[in-house]
Amino acid sequence: MLLVIPGVLDNRKLSQVRSLLEQGRFMDGRLSAGKTARRVKHNEELQSDAHRMEQLNKLVMSSLVQHPLYQAAAMPYRVATPYYARYTPGMSYGDHVDDPVMGPPGGQYRSDISTTVFLNGPDDYAGGELVIGTTYGDQSLKPAAGDAVIYPSSSLHHINEITAGERLVAVTWTQSMLRDPQQRELVFELYQARESLLESEPESEVATRVDHVYVNLVRMWSEL
Ligand code: NI
């Protein structure tokens with residue numbers, strides 16, 4: 001499932017994030033890439049002091065993990081500390097699949113879902129689309145500042161070359177309680193049906209039944 005979650009960061013938080021990034025130090029992103037990704041990765045990543053990172057993570061990650069759509073679609077069990085990436089003209093990230101297991105020894109997690117939070121807008125750079133391979137063909141994305149895109153970490157994806165301006169993103173990974181992407185998709189569809197029933201006819205028997213099925217399906221399928 002590929003989903004755009006709108007408005008994860010509002011304008012106030014976006015400008016705070018961008019000013020923290022402006023004062024930060026960026027390094028070659030290849031340093032943090034896995035063996036195969038290193039060959040195709042051309043970007044820069046923030047390497048900064050713990051205090052700045054903490055401020056950034058607080059702004060970006062608390063908004064993401066508290067977002068009801070992210071909660072319902074990702075069913076997060078573990079969420080990684082994000083990377084902050086910058087792409088300037090000539091930079092790109094060729095086709096790759098994200099590493100399956102990440103994190104330091106003792107703090108490892110499986111990457112089920114990749115998340116990109118867009119820290120500036122489509123008018124701030126030319127090129128730089130996030131292109132994700134799906135069963136329905138390639139999807140090319142260049143959403144608004146503050147939006148997040150989530151997609152299965154197993155998908156082949158790339159970032160088109162930036163030809164002007166600057167692309168700023170936060171990238172993170174989630175280990176989901178629902179490992180299987182098809183199960184996640186079914187549960188998310190049922191969640192949406194349940195939400196609209198609880199909104200339109202909360203007292204109805206059908207709303208109660210759908211709610212029970214949703215809750216018990218999550219209980220049946222979730223792995224912790
Ligand atoms: Ni990737």
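A residue is termed buried when its relative accessible area is under 20%, exposed when this value is over 50%, and partly exposed in between (1.4 Å probe, protein chains only). The structure is a predicted model, in which local features need pLDDT of at least 70 and side-chain atom pairs count only at pLDDT 80 or more, whereas totals for chains, interfaces and linings use all residues. Residues are numbered from 1 along each chain as its sequence is written, and side-chain values use heavy atoms, with hydrogens and water left out.

The chain contains six helices and 17 strands, where helices (H or I, at least four residues) and strands (E, at least two) are DSSP runs numbered from the N terminus. The radius of gyration, taken over C-alpha atoms, is 18 Å, close to the 17 Å given for 224 residues by the globule rule, so the chain is as compact as a globular protein of that length; the rule is 2.2 Å times the number of residues to the power 0.38. The C-alpha trace spans about 55 × 35 × 35 Å along its principal axes. Of the 224 residues, 47% are buried. Contact is defined as heavy atoms within 4.5 Å; among contacts with a separation of 6 or more, 78% are between residues 24 or more positions apart.

The accessible surface of the chain amounts to about 11500 Å², and carbon and sulfur atoms contribute 50% of it. These areas come from the Shrake-Rupley method with a 1.4 Å probe, and for residues only the protein chains shown count as cover. The chain carries 21 positive and 28 negative charges, whose mean positions are 8 Å apart. In this count Lys and Arg are positive and Asp and Glu negative, while His and the chain ends are not counted; each charge is placed at NZ of Lys, CZ of Arg, CG of Asp or CD of Glu.

A nickel ion has as its protein donors His 96 (NE2), Asp 98 (OD) and His 157 (NE2), at 2.1 to 2.2 Å. Donors are N, O and S atoms within 2.8 Å of the metal (3.2 Å for Na, K and Ca), and water is not among the atoms, so sites may look incomplete. Along the chain the donors follow the spacing H-x1-D-x58-H. Asp 98 and His 157 are both buried.

Individual positions illustrate the range of surroundings. Val 117 is located in strand S10 (residues 113-118) and is buried, with a relative accessibility of 1%. Beyond residues up to four places away in sequence, Val 117 touches Leu 9, Val 60, Asp 147, Ala 148, Leu 168, Val 169 and Ala 170. Met 75, in the loop between helix H4 (68-74) and strand S5 (76-79), is buried at 8% relative accessibility. The phi angle of Met 75 is near 45°, a positive value in a residue other than glycine.

Gln 182, in helix H5 (residues 181-200), is exposed at 60% relative accessibility. Although Gln 182 and Met 1 are 181 residues apart in sequence, their C-alpha atoms are 8.0 Å apart. Leu 224, in the segment after helix H6 (205-221), is likewise exposed, at 72% relative accessibility. Apart from neighbours within four places in sequence, Leu 224 contacts Tyr 77 and Met 177.
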